[in-house]
Amino acid sequence: MSLRSALARLGAQEDLNFLLTNRIPRHAATRFMGWFSKRRNPAVRTASIALWRLFCDVDLTDAAETRFGSLHDAFIRQLRDGARPVNTDPDTVVSPSDGIVGAFGRVSAGQVLQVKGFPYAIADLLGSVAEAEEWRDGWFVTLRLTAGMYHRFHAPHDLTVEQVRYISGDTWNVNPIALKRVERLFCKNERAPITVTLDSGHRLALVPVAAVLVASIRLPFLDADRNVRSGGQGVRPSKARFGKGEEMGWFEHGSTIIVLSPANRPPVPGLIEGQSIRMGEPLLRSPGGPMPDRP
């Protein structure tokens, strides 16, 4: 058995996985990781990237660069041109990021599912009862980014950002094991709900949720030099414009994006919980529009 296989089997033991990734000083570990990942000492860089690639399923074949100055640079790598074709059908909203599809479906009485049997209120997720009303009869899709994935997220359609609400919080792991054990986990973690209006007039909410060893959401359209936490809790209005597929921001490790859409923008047929999806592939569509093809 290879070392990677042995580590994977060890990580699959739920009690041990939960203990190692959550029953630690999460904030201290996250601060340390933020500092350590930026070290540019050649020995540190080489060892840390090697360990990252050993523990995580990392594919750098589509990266613009394959040599990095630090582990942090590898986490937030950019893609080579053409690596993520973006579906151009105007009736289709595409995935804003690479990810694994988690719970998704209809919003019911203002609640959605974290996993089966673990509902949470979107008002708690968004930090606003009034804003949650807009999605009361809508849809939700959860996209989980693993540690080895491409960590940048993009505009799912031609759109204008209306506001960003920064909500301080914890740094629980967001893997399936934690989601089955920690109620309302997404409502406890640090997050930055982004409200956008599509050129069609429809609105969406994109909710990046930070996690252990991450807790750093970057939105350069708000602040080119600092993460979203730097401005403190509260609402930041915006008029930033993005074309479909344009980069909006990134996580500094990996985490989750929850997409909230209105009743007339359901998930595309055939979406399956647990499937991998790439940025630019169809995620939501207008019911009257043609069936979208994946690029």
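Student: Where does the model come from, and how are residues numbered along each chain?
Tutor: This is a predicted model, in which local features need pLDDT of at least 70 and side-chain atom pairs count only at pLDDT 80 or more, while totals for chains, interfaces and linings use all residues. Side-chain values use heavy atoms, without hydrogens and water, and residues are numbered, along each chain as its sequence is written, from 1.

Student: Why is β14 described as largely enclosed by the rest of the structure, and how many of its residues are buried?
Tutor: The strand covers residues 256–261; strands are DSSP runs of E with at least two residues, helices runs of H or I with at least four, and both are numbered from the N terminus. It is called largely enclosed because of its buried residues, which number six of the six.

Student: In β14, which residue is the bridge partner of T142?
Tutor: Strand β5 (residues 139–144) pairs with β14 in the antiparallel sense, over six bridges; strands pair if DSSP finds at least two bridges between them. Across to β14, the partner of T142 is I258.

Student: And which residue of β14 is the bridge partner of V209?
Tutor: Strand β9 (residues 203–209) also runs antiparallel to β14, joined by five bridges. The β14 partner of V209 is T256.

Student: What is the volume of the largest cavity?
Tutor: A cavity is a set of points on a 1 Å grid over the protein atoms alone where a 1.4 Å probe fits but cannot get out, and lining residues have an atom within 4 Å of a point. A search of the whole structure finds one cavity of 30 Å³ or more. The lining consists of L126, E131, E134, W135, T195, R203 and A205. The volume is the space filled by probe spheres set on the points, and here it is about 40 Å³.

Student: How far apart in sequence are the parts tied together by Y120 and F186?
Tutor: There are three aromatic pairs in the structure, where rings of Phe, Tyr and Trp (its six-membered ring) pair if their centres lie within 6.5 Å, with planes under 30 degrees apart stacked, over 60 edge-to-face and the rest tilted. Y120 and F186 form an edge-to-face pair, 6.0 Å centre to centre with 75° between the planes. Y120 lies in strand β4 (residues 118–121) and F186 in helix α9 (residues 185–188), so the pair ties together parts whose separation in sequence is 66 residues.

Student: Which strands stand at the edges of the open sheet?
Tutor: Three strands form this sheet in the order β6-β13-β10, with antiparallel pairing. One side of each edge strand is left without a neighbour in the sheet, because each has a single partner; these strands are β6 (152–154) and β10.

Student: At what distance from the ring centre of W250 does R152 lie?
Tutor: R152 stands opposite W250 in β13. R152 also lies over the face of W250; a charge sits over a ring if NZ of Lys or CZ of Arg is within 6 Å of the ring centre and within 35 degrees of the ring normal. The distance from the ring centre is 4.3 Å.

Key: On a 1 Å grid over the protein atoms alone, a cavity is a set of points where a 1.4 Å probe fits but cannot get out, and a pocket is an open set with protein on both sides within 12 Å along at least five of seven lines; lining residues have an atom within 4 Å of a point. Buried means under 20% relative accessible area, exposed over 50%, partly exposed in between (1.4 Å probe, protein chains only).
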